[in-house]
Structure formats: C-alpha cells, structure tokens
Amino acid sequence: PINPFKRRMKFVAGRETPEPANETANRVVEAFASVYRSFGDQQKMTLYRAIRNGIEKYEDHMTLTLLMDELSLLEDSQKSVVTSIQSRLTQLVDMDPFDYTSENNWDNLFTSNGQVNIIQLDGYEQIEIKKVLTEFILWDLWYFMLSNHEDRPVAVVLDEAQNLSFAQGAPSNLILREGRKFGWSAWFATQTFSQFTTEELAVFENAGTKIYFNPAESEVRSISKRLGGDYEEVLRSLKKGQCFVSGQFLEGNELGSPKQYVVQVPPMDNR
C-alpha cells in the first residue's frame with residue numbers, strides 16, 4: 001500500500017502543511033530518472049510537468065494510469081519526447097503494483113520483537129521495475145522514519161545495494177547522511193563498487209562501520225585508499241570466513257575511537 005504521488009506533510013514554523021505539488025513531482029521524476037538512465041533533460045522536464053499537473057488535478061487520487069493520460073495531453077508540442085517516456089513506463093503502468101487507497105503503516109513491521117520481515121521482489125521480471133519499486137519503498141519508509149528518533153533504532157538490510165541510487169537527494173543518500181538521527185540502522189550489502197561514481201562512493205564514508213569480505217583484486221587498492229591507510233596486503237590475505245572490519249567497538253559501556261580488525265566469522269552451526 002504505497003502511493004508514490006502522495007504529497008508528504010511538512011512542518012514549517014510550527015504548522016503542518018502538504019508539500020507543494022512541484023516537490024512531490026520532482027521526487028517522483030528523480031526516482032524514475034535514477035533507474036531509466038536514458039531519460040534526458042527533455043524527458044525529465046516533460047515527466048515533471050505531467051506529474052505536477054496530475055497531482056494538482058487529482059491530488060491523492062493520482063495514479064500511474066492518470067500519469068499516462070497527462071502525458072498524452074502534452075503530445076501536441078512534444079510528441080516524440082512523450083512517446084519515449086511512455087514506451088519506458090508502459091510495462092510498469094500495465095501491472096501497476098501500487099495500492100493508492102489503503103493506508104500503509106510501517107510501525108506494524110517494526111514492533112514485533114525478533115520478527116524479520118522480507119520485502120521480496122522476485123515476482124517482477126524486469127530489473128528496472130524492481131529498482132523503481134525499491135526507490136519508492138525507500139522513500140515511503142524514509143518519510144515514516146522522520147517521525148522516529150535515534151533511541152528507537154530500526155534495522156533495515158538492503159541487499160544488492162549496487163542497484164540503488166546514491167545520487168544527491170536519493171533516499172539511500174539521505175539514509176547514509178542523516179539516517180542516524182531518525183533511528184536508521186541501515187546495512188547496505190554489495191558485491192562490487194565498480195559501478196559507483198566517485199560522488200556515490202564518497203557517500204559511503206558516512207557509514208559508521210565498514211565490513212569487507214575478500215574483495216576482488218581490482219578493488220583492493222581503492223578500498224585501502226578509502227580506509228585511509230595501507231591495508232592492501234591485509235585485504236588480499238583474507239581467507240574464507242574472515243572479514244576486515246573498520247568501525248567503532250564497545251569499550252566498557254561506550255563506543256571507542258574507530259579501529260580496524262580482521263575478524264573470524266564463526267560457522268552458522270557454532271553461533
């Protein structure tokens with residue numbers, strides 16, 4: 001039950017008001033653009049206009065189908081641009097996975113002690129659709145967590161993190177930069193850093209703890225450099241069941257200064 005077109009509430013000078021339609025539209029456009037990399041400035045601006053017009057017209061009743069209608073209204077002046085957008089979104093619109101009427105309550109997933117909830121997207125064949133869904137799920141969860149506080153941490157594991165957007169303003173970027181004060185305990189797992197830009201890699205420096213399992217030779221030097229020391233040989237020598245951990249550890253009842261250790265991970269049946 002997620003509505004990507006829902007206008008979020010903002011608190012300004014002690015008053016609660018819905019965010020302007022242009023802010024909501026811009027957030028949705030950036031989510032699409034982070035996945036559909038072929039969208040250029042014209043496509044993004046046209047998509048922005050269609051979403052903004054739809055939200056102003058239909059408010060919280062805006063849907064993907066109505067988005068296609070709003071795009072069609074812009075065809076007279078930008079037919080080729082509109083067609084290129086519609087061709088990329090057609091499959092997502094046809095299956096429309098969103099529930100625009102039910103109220104989503106993340107609190108229900110985080111109140112049971114010891115219960116793990118898995119959001120599984122294997123039912124969707126196209127990797128692009130999985131990515132779009134993940135971005136909107138993270139946005140919804142981000143706004144839920146804004147009302148949370150750091151003394152009630154919520155642990156979220158994000159596997160295959162190389163498929164997420166870490167660009168400025170993306171939810172994963174916000175989680176790494178500002179998530180701690182809202183109780184985020186986010187774990188990003190990836191098998192490679194090769195497809196991240198320099199700017200995206202810089203965002204990972206906000207992670208409080210970094211754990212490396214036998215990295216590929218092609219990435220050893222860059223990882224060592226990011227760790228701020230000469231750790232190349234240590235990283236190369238990691239064996240199965242070992243990892244290199246850089247972060248803060250408990251010293252008594254408090255976290256000490258950042259340190260680095262090689263850690264032997266015990267087998268599952270020994271834990």
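Predicted model: local features only at pLDDT ≥ 70, side-chain atom pairs only at ≥ 80, totals over all residues.

Student: How many helices and strands does the chain have?

Tutor: Helices (H or I, at least four residues) and strands (E, at least two) are DSSP runs, numbered from the N terminus. Here the chain has nine helices and nine strands. Its C-alpha atoms fill a box of roughly 60 × 40 × 40 Å along the principal axes.

Student: What share of the residues is buried?

Tutor: Buried means under 20% relative accessible area, exposed over 50%, and partly exposed in between (1.4 Å probe, protein chains only). Of the 271 residues in the chain, 39% are buried.

Student: What share of the contacts joins residues at least 24 apart?

Tutor: A contact means heavy atoms within 4.5 Å. Taking contacts between residues at least 6 apart in sequence, 59% join residues at least 24 apart.

Student: Which residues of the largest nonpolar core touch the most other members?

Tutor: In soluble globular proteins, nonpolar side chains tend to be buried together. A nonpolar core is a set of buried Ala, Val, Leu, Ile, Met, Phe, Trp, Tyr and Cys residues joined through side-chain atoms within 4.5 Å. The largest one here has 69 residues, and F5, F32, L47, I51, L64, L67 and F188 touch the most other members. Helix α5 (residues 127-145) gives the most to this core, with 11 residues. As for L47, beyond residues up to four places away in sequence, its contacts are V29, F32, F39, L67, L71, I85 and L89.

Student: Is helix α6 mostly covered or mostly uncovered?

Tutor: Helix α6 (residues 171-178) is mostly covered, with six of its eight residues buried. The buried residues are P171, S172, N173, L174, I175 and L176. They pack against α5, β4 (184-188) and α7 (198-203).

Student: Where is Y36 found, and why does Y36 count as buried?

Tutor: Y36 is in the loop between α1 (21-35) and α2 (41-58). Its relative accessibility is 1%, and therefore Y36 counts as buried. Leaving aside residues up to four places away in sequence, Y36 touches R88, L89, E128 and V132. The C-alpha atoms of Y36 and L89 are 9.3 Å apart, although 53 residues separate the two in sequence.

Student: Why does D107 count as partly exposed?

Tutor: D107 counts as partly exposed because its relative accessibility is 26%. D107 is found in the loop between α4 (75-95) and α5. With residues up to four places away in sequence set aside, D107 touches F144 and R152. A polar contact is a pair of N or O atoms within 3.5 Å; within protein, one must be able to donate a hydrogen and the other to accept it, and residues adjacent in sequence count only if both atoms are side-chain atoms. The side chains of D107 and R152 make such a contact, at 3.4 Å.

Student: Which side chain makes a polar contact with that of S246?

Tutor: The side chain of Q260 does, at 3.2 Å. S246 lies in strand β6 (residues 242-247), and S246 counts as buried because its relative accessibility is 9%.

Key
Residues numbered from 1 in each chain as written. Heavy atoms only, no water.
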